[in-house]
Amino acid sequence: MVRRTEEMVTEFRKRMRDGDGTAEIKHIYKGDELKGNTRLCAQITLEPNASIGTHIHENEEEVYYILEGEGEVIDDGQPVAVKKGDAILTRDGASHSIRNTGNADLVFMAVINLY
């Protein structure tokens, strides 16, 4: 199934997970369209200084793959600088957050798989 970019649903979440600014979430495929254990498959864009606040994943894991920009991930309490091409895996029971620390948009893929 091919999904054109103009067919994808985009939503805007202010202060996502008590973060700063607004997260733009482009749903590539919705969870109910996928036949596996994936509940989110999206491209997320954060403007400079915007963030997704700290949150814990329970009974699921999340992968971020950085497409553009630079930022900082708090990976289970540890700050780590990230840039284009980096990947972050947050496993079941772990926490994370992400902030755009650059001067351009931070764009990344986010995939959440249920256990």
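User: Which strand holds isoleucine 44?

Analyst: This is a predicted model, where local features need pLDDT of at least 70, side-chain atom pairs count only at pLDDT 80 or more, and totals for chains, interfaces and linings use all residues. Residues are numbered from 1 along each chain as its sequence is written, and side-chain values use heavy atoms, with hydrogens and water left out. Strands are DSSP runs (E, at least two residues), numbered from the N terminus. Isoleucine 44 falls in the run of residues 38–46, strand S3.

User: Is isoleucine 44 buried or exposed?

Analyst: Buried means under 20% relative accessible area, exposed over 50%, partly exposed in between (1.4 Å probe, protein chains only). Isoleucine 44 has a relative accessible area of 2%, so isoleucine 44 is buried.

User: With which side chain does the side chain of glutamate 60 make a polar contact?

Analyst: Glutamate 60 lies in strand S5 and counts as buried at 8% relative accessibility. A polar contact is a pair of N or O atoms within 3.5 Å; within protein, one must be able to donate a hydrogen and the other to accept it, and residues adjacent in sequence count only if both atoms are side-chain atoms. At 2.8 Å, the partner is the side chain of arginine 39.

User: Which strands stand at the edges of the open sheet of four strands?

Analyst: Strands pair if DSSP finds at least two bridges between them. The order is S4-S9-S6-S7, with antiparallel pairing. Each edge strand has a single partner, so one side is left without a neighbour in the sheet: these are S4 (51–56) and S7 (78–83).
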